[in-house]
Amino acid sequence: MKYKKSKYNYRHQLANGDVLLCNMVRGSDSFLKIPSKEAEYFEKIFFQDTIDDRDGMSGADILIRKGYFIPEHVDELSEIRALYYENVMDPLLSLTIMPTEKCNFRCPYCYETFEKGQMSSKDQVALLRYIQKQLRNHTHLHISWFGGEPLLALDTVKHIMANVQKMGKLQKKPVTSNMTTNAYLLTPDTFDTLYHLGVTAYQITLDGMKKEHDKQRVLASGAGTFDQIMQNLVAIKRCKQYRFASFTIRINITRHNIERIDEFVRFYQDTLGDDKRFMIRFAITGDYGGTKVEKFKENLLDGNEIQKSLKAAGVYNSPELNISDIATNFEPMNRVCYACGRSTYTIGSDLTVYRCTIYFKDPYNHLGKITENGEMKIDHALDHVWYIKDGTFPQECIDCVYFPCCYRAYCPLKLHFDKKYSCEIENIINQLDLDIEKLNHFTPFEVWGESPHG
């Protein structure tokens with residue numbers, strides 16, 4: 001049988017001559033390492049356009065099995081399209097709920113305006129009516145708590161979680177939940193309450209060491225927040241009974257903290273990193289609009305600057321460091337925006353329905369509202385634009401090795417409505433090069449073999 005080479009083979013050569021491979025349609029299941037002494041023979045096969053399994057070429061079988069060569073009749077674009085719709089048509093009901101849009105912090109890069117307050121009791125009832133009606137049509141409910149700062153409306157979170165857990169039990173549907181919080185109010189007692197209501201996963205920001213963090217993560221009064229957050233996290237970490245808890249510690253990289261990133265990594269490892277429930281995420285601090293960031297723009301860095309600094313700091317050479325999301329960067333559809341999900345909505349504190357959790361002021365992100373009787377009244381034509389694809393793409397996307405991972409859906413709002421928006425593929429590939437080297441430290445890659453050609 002004849003096979004053609006996949007268009008989506010990613011190849012990275014290490015300094016020692018070993019070659020690391022991933023097929024972006026197959027993801028981490030395709031990971032393969034070619035020892036340097038076998039690289040010359042391997043490349044004689046790998047760089048052919050077609051191979052035939054009847055030729056008896058040693059080593060070709062593993063490249064076929066891993067997806068680097070596919071049957072000639074296979075239409076990869078159709079396969080990738082099917083993967084996209086499997087992803088966005090997931091029967092999960094996923095709601096990001098903003099119990100309040102107020103915040104106790106005033107971070108200089110924040111895009112939110114804090115105009116709306118806490119969700120009223122009346123609106124909580126309407127939201128619960130909506131969830132009860134919808135849950136019967138879905139396999140699973142996931143709630144992401146967002147804000148503002150959701151812990152400013154703890155009673156609302158508790159009320160809704162207690163009720164949706166009852167609904168889930170009655171309808172025999174699982175209910176899971178996570179929260180994005182600044183953690184200033186996440187005391188051990190509060191965490192215990194939320195954990196037992198099913199809020200088990202958290203994203204929490206620490207923007208470097210105390211001095212740097214307290215420049216960027218400040219209370220509305222201007223006071224620093226580092227000490228209180230660390231006190232809460234260390235106290236929660238000591239409690240080993242929360243086996244299913246997970247914490248992603250996000251650091252927003254800026255000019256304020258980039259110089260001491262290595263010191264922060266050591267601090268994180270010493271205080272939190274020895275607990276597998278904790279992982280770290282390095283994030284680009286972007287300009288997502290709003291007025292506050294205008295005074296902060298000079299401190300923003302691009303992806304290349306950040307990656308160079310992280311590499312220089314040895315971040316990607318530390319097998320002990322539990323960095324979030326690395327393996328998923330190689331999975332198909334991993335860069336498809338959460339807002340593309342067919343049943344994925346963001347619910348404001350006044351029951352305004354959005355898709356995106358960033359561009360709240362953009363009219364294309366205003367779909368409608370949930371009514372008092374629990375009906376979601378939205379502009380369905382606008383809603384469909386967020387996730388339905390017509391199947392036509394620029395040729396540069398089709399030819400891009402990362403196409404199976406993003407499907408040109410990494411920011412549906414900008415791609416559909418901002419004609420000037422362009423892909424940053426160079427930054428993505430640079431990140432992949434670093435990520436796969438990090439993965440090589442602790443993820444077992446299937447090895448090509450000592451002498452596949454005898």
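Let me start with Asp399 and Lys7, whose side chains meet in a salt bridge with an N to O distance of 3.1 Å, the term meaning a side-chain nitrogen of Lys or Arg within 4 Å of a carboxyl oxygen of Asp or Glu. Asp399 sits in the loop between helix 12 (395–398) and helix 13 (403–406), and Lys7 in the loop between strand 1 (2–5) and strand 2 (9–13), so this pair ties together parts that are 392 residues apart in sequence. Helices (H or I, at least four residues) and strands (E, at least two) are DSSP runs, numbered from the N terminus. Asp399 is partly exposed at 44% relative accessible area, and Lys7, at 41%, is partly exposed too; here buried means under 20% relative accessible area, exposed over 50%, and partly exposed in between, with a 1.4 Å probe and protein chains only.

Please keep in mind that this is a predicted model, in which local features need pLDDT of at least 70 and side-chain atom pairs count only at pLDDT 80 or more, while totals for chains, interfaces and linings use all residues. Residues are numbered from 1 along each chain as its sequence is written, and side-chain values use heavy atoms, with hydrogens and water left out.

Across the whole structure, the search finds 22 salt bridges. Another of them joins Lys122 and Glu372, with the closest N and O atoms 3.6 Å apart. This pair also links distant parts of the chain, with Lys122 in helix 4 (residues 121–135) and Glu372 in the loop between strand 15 (368–370) and strand 16 (376–378), 250 residues apart. Both Lys122 and Glu372 are exposed. In a further salt bridge, Glu305 and Arg255 have their closest N and O atoms 3.8 Å apart. Glu305 belongs to helix 10 (residues 303–312) and Arg255 to the loop between strand 11 (246–253) and helix 9 (261–273), so parts 50 residues apart in sequence are tied together. Glu305 is partly exposed at 32%, as is Arg255 at 42%.

What about disulfides? The structure holds zero of them, where the criterion is a pair of cysteine sulfur atoms within 2.5 Å. For Cys356, the nearest cysteine sulfur is that of Cys337, 6.3 Å away, and Cys356 counts as buried at 8% relative accessibility.

Leaving aside neighbours within four places in sequence, Phe282 is in contact with residues including Ile251, Val265, Leu310 and Ile323, contact meaning heavy atoms within 4.5 Å.

My last topic is an open sheet of three strands in the order 5-1-6, with antiparallel pairing, where two strands pair if DSSP finds at least two bridges between them. Strand 5 (50–52) and strand 6 (69–71) stand at the edges with a single partner strand each, so one side of each is left without a neighbour in the sheet. Strand 1 and strand 5 are joined by three bridges, and Tyr3 stands opposite Ile51 in strand 5.
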